[in-house]
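This report covers a surface patch, the salt bridges and a cavity in one protein model. Please read it alongside the sequence and the 3D view.

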Amino acid sequence: MLIVDILAAAGEAAPQNKFGFLEALEQGGFIAYATVIILGVMSFGSFYILFTKWFEQSKILRQYRELRTSFWKAPTLREGVTKLEKNSAWRQLVDDGISAEDQHAKMTDSLEAHDWLHGSLARSEATINARLASGLPFLATVGATAPFIGLFGTVVGIYRALIAIGIAGSASIDKVAGPVGEALIMTALGLLVAVPAVLAYNYLQSRNKRIAELLTGFSNDVLANINSKGAVKPALTSAPAKPAAAPAKPAAAPAKP
C-alpha cells in the first residue's frame, strides 16, 4: 500500500508539459497555424511531384529500352510505330516525323526537306521536354521560399517572447519558453520542407537531362531514316552468341591383340 500511495502521489505531482507542438501552435495563434498549413501544402505538393515525375520518367526510360530491341527491326517507320505504346514520347516523335514528311510532299516552295523535318522534330522534342519539366518550378519555389516562411514564423515567435518579457518585467523561463519554442519549431519545419524539395528538384532535373539526350539521339536517327528512305538505321547491339560446343573427340581404336 505504501508503494501504491507513493506512485499515486508522484503521478499527481508530475508537472504537465505546456510547451509541446500543439501548445506552441495554440500560443502562436493564427500566424502559427497559417505558417504550418502553408508549409504542409508545400511539403505535400513536393512529394506528389517527386513520385509522379519519377514514375513518368521511369516509364519513358523503360519504353526506350524496349524501343531499342523492337522498333528498328521493322522495315519502315510506319510499321515500326505500331509497335510503340500509344501516347508515349517516342511514338510522338515518330508520328511528328512521318507527318512532317507527308506535309513536305504537299509544299510548292523550295524548302529543303532536311530543314523542315529537323525543325518539326526539334519542335516535338521541345514539347516533350516541356511536359517533363512541368512541376519542377514548384519544387524550386518550395526549396527557395520554405526556409523564409519558417523564418517568418520564427520572427513572430521571438517578437511574442519579447512582448512577454516586457509585460512580465523579467525574462523568466515560463514566459519565454513558449514563444521561443514556437520560433524554433517554425525554423525546423521550414528546413524540413525545403531540403527534400531541393533534393527532389536536382534528382528529377538530372533524369530529365538524360531523357533529353536520348530524345535527341532518337530524333536524329528518325531524321536520318526518313531522309535516306529507310536505308540508314542505328546499329543495334545484339546479345553475344554462345560459343559453339567443341566437337567430340573420336573414340580411340581398340588395341590389336
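Trp 54 lies in helix 3, where helices are DSSP runs of H or I with at least four residues, numbered from the N terminus. At a relative accessible area of 33%, Trp 54 is partly exposed; buried means under 20%, exposed over 50%, and partly exposed in between, with a 1.4 Å probe and protein chains only. The model is predicted: local features need pLDDT of at least 70 and side-chain atom pairs pLDDT 80 or more, while totals for chains, interfaces and linings use all residues. Residues are numbered from 1 along each chain as its sequence is written, and side-chain values use heavy atoms, without hydrogens and water.

Together with Phe 47, Phe 51, Phe 55 and Tyr 203, Trp 54 forms a nonpolar surface patch of about 520 Å² accessible area. Patch residues have over 30% relative accessible area and no salt bridge, and nonpolar side chains are joined within 5 Å. Helix 3 (residues 30-70) supplies the largest share of this patch, four residues.

Six salt bridges are found in the whole structure, each being a side-chain nitrogen of Lys or Arg within 4 Å of a carboxyl oxygen of Asp or Glu. Side chains of opposite charge can pair when their charged atoms come close.

| Salt bridge | N to O distance |
|---|---|
| Arg 62 and Glu 66 | 3.1 Å |
| Arg 62 and Glu 85 | 3.3 Å |
| Arg 210 and Glu 213 | 3.7 Å |

Arg 62 and Glu 66 are four residues apart in helix 3, about one turn of the helix. Arg 62 is partly exposed at 30% relative accessibility, and Glu 66 is partly exposed at 38%. The bridge from Arg 62 to Glu 85 links distant parts of the chain, 23 residues apart, with Glu 85 in the loop between helix 4 (77-80) and helix 5 (89-105). Glu 85 has a relative accessible area of 31% and is partly exposed.

Arg 210 and Glu 213 both belong to helix 8 (residues 173-227), three residues apart. Arg 210 is partly exposed at 44%, whereas Glu 213 is exposed at 53%. Elsewhere, shared partners join Arg 62, Glu 66 and Glu 85 into one salt-bridge network.

The search for cavities of 30 Å³ or more finds one. On a 1 Å grid over the protein atoms alone, a cavity is a set of points where a 1.4 Å probe fits but cannot get out, and lining residues have an atom within 4 Å of a point. The largest cavity holds about 40 Å³, and its lining includes Phe 71, Trp 72, Asn 225 and Lys 233.

Notes: On a 1 Å grid over the protein atoms alone, a cavity is a set of points where a 1.4 Å probe fits but cannot get out, and a pocket is an open set with protein on both sides within 12 Å along at least five of seven lines; lining residues have an atom within 4 Å of a point. Grid points are joined across faces, edges and corners, and a volume is the space filled by probe spheres set on the points. Patches are made of residues with over 30% relative accessible area and no salt bridge: like charges are joined within 9 Å, nonpolar side chains (Val, Leu, Ile, Met, Phe, Trp, Tyr) within 5 Å. Accessible areas come from the Shrake-Rupley method with a 1.4 Å probe; for residues, only the protein chains shown count as cover. Helices (H or I, at least four residues) and strands (E, at least two) are DSSP runs, numbered from the N terminus.
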